[in-house]
Amino acid sequence: MDRIIYKNTEGRSVVFYNEPPYILKSKDGFGAVDNIIESKKNFNQDGQTYISSSLDVRNLVIRGVVEGSDYEDLLINRRDMISVFNPKIAGQIEYQNDHGTYIIDALPELAPGFDESGATLILPFIITLKALDPYWIDKSLDDGLVPLSTIEPKFKFPLAISSSFAFATAKSGEIIKVTNAGDVATGGLFRLWVAIPVVNPRIYNIYTQEYFGFTGSFATGTVFEISTVRGNKYVRKFVTQWENAMAERMTGSSFLQIAKGDNYFQIQAESGIAGCLGELEYQQKLLGV
């Protein structure tokens, strides 16, 4: 059974389901979106020449009825619904069905319209929203946090603990496979931790030969964050507090993307690679649900 939860940036939400007070009747715009193709017609040319293509914004429509136990309750539910779908406040739609859970950021465009021609305790409504980023994020896929360095366990039997015994050792510099099972490439949040002094650390994409790195020597305890997410790209460093690290960006660095399918990343450094640990946090995107 479909369930739609709309939550605005103030933390207020409305749940549309098959139970009162907000009963979901139908929805539109949750599937595929239009592909806008740009082309050019040349003189005496059969057909046209392809220039580019991009997905249109996603227009979402939710239809249903709002109910009340009495007339006063109906007015309260109606007022709450209008308040949550304030067109001045952005929000997020969470859509749940038998296959998974999907989310998308959206802006109320028509919030909400009611058919008040009847005299019952049921008000039909229609809500339209616009998602400027048309991709759904699939929360049910195996995504999230991917270690870019590994831990090799040393704790095994028979066990003999000596002064040089280690329960585990961190292994950095290995090639790590990251599989994006979504429909398109996506950005991510890359993190690097400096456990021992490191020189010129970078994250390297084996397939594309792109990288993002930092020039210089960095002390133990330094943390780097590189966000390559659409609309939220940044580079920062933590030593005693967070600060902008774009000035230390290695020449030729690119905001790495996680391509559809298999990707292979490696942490590299001029020296100190054994103490440079990393991870990648990302979300997979779908064309429709």
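R230 and D133 form a salt bridge (a side-chain nitrogen of Lys or Arg within 4 Å of a carboxyl oxygen of Asp or Glu), with the closest N and O atoms 3.6 Å apart. The pair links distant parts of the chain, 97 residues apart. R230 sits in the loop between β20 (223–227) and β21 (234–238), D133 in the loop between β9 (122–131) and β10 (136–138). This is a predicted model: local features need pLDDT of at least 70, side-chain atom pairs count only at pLDDT 80 or more, and totals for chains, interfaces and linings use all residues. Residues are numbered from 1 along each chain as its sequence is written, and side-chain values use heavy atoms, leaving out hydrogens and water.

**Exposure of the first pair**
- R230 is exposed, at 53% relative accessibility; buried means under 20% relative accessible area, exposed over 50%, partly exposed in between (1.4 Å probe, protein chains only).
- D133 is partly exposed, at 24%.

**Other salt bridges**
- The whole structure holds 12 salt bridges.
- R236 pairs with E225, the closest N and O atoms being 2.9 Å apart.
- R236 lies in strand β21 and E225 in strand β20, so the pair ties together parts 11 residues apart in sequence; strands (E, at least two residues) and helices (H or I, at least four) are DSSP runs, numbered from the N terminus.
- R236 is partly exposed at 27%, whereas E225 is buried at 8%.
- E248 forms a salt bridge with K237, with 3.0 Å between the closest N and O atoms.
- E248 is partly exposed at 22%; K237 is buried at 9%.
- Shared partners join R191, E225, R236, E279 and E281 into one salt-bridge network.
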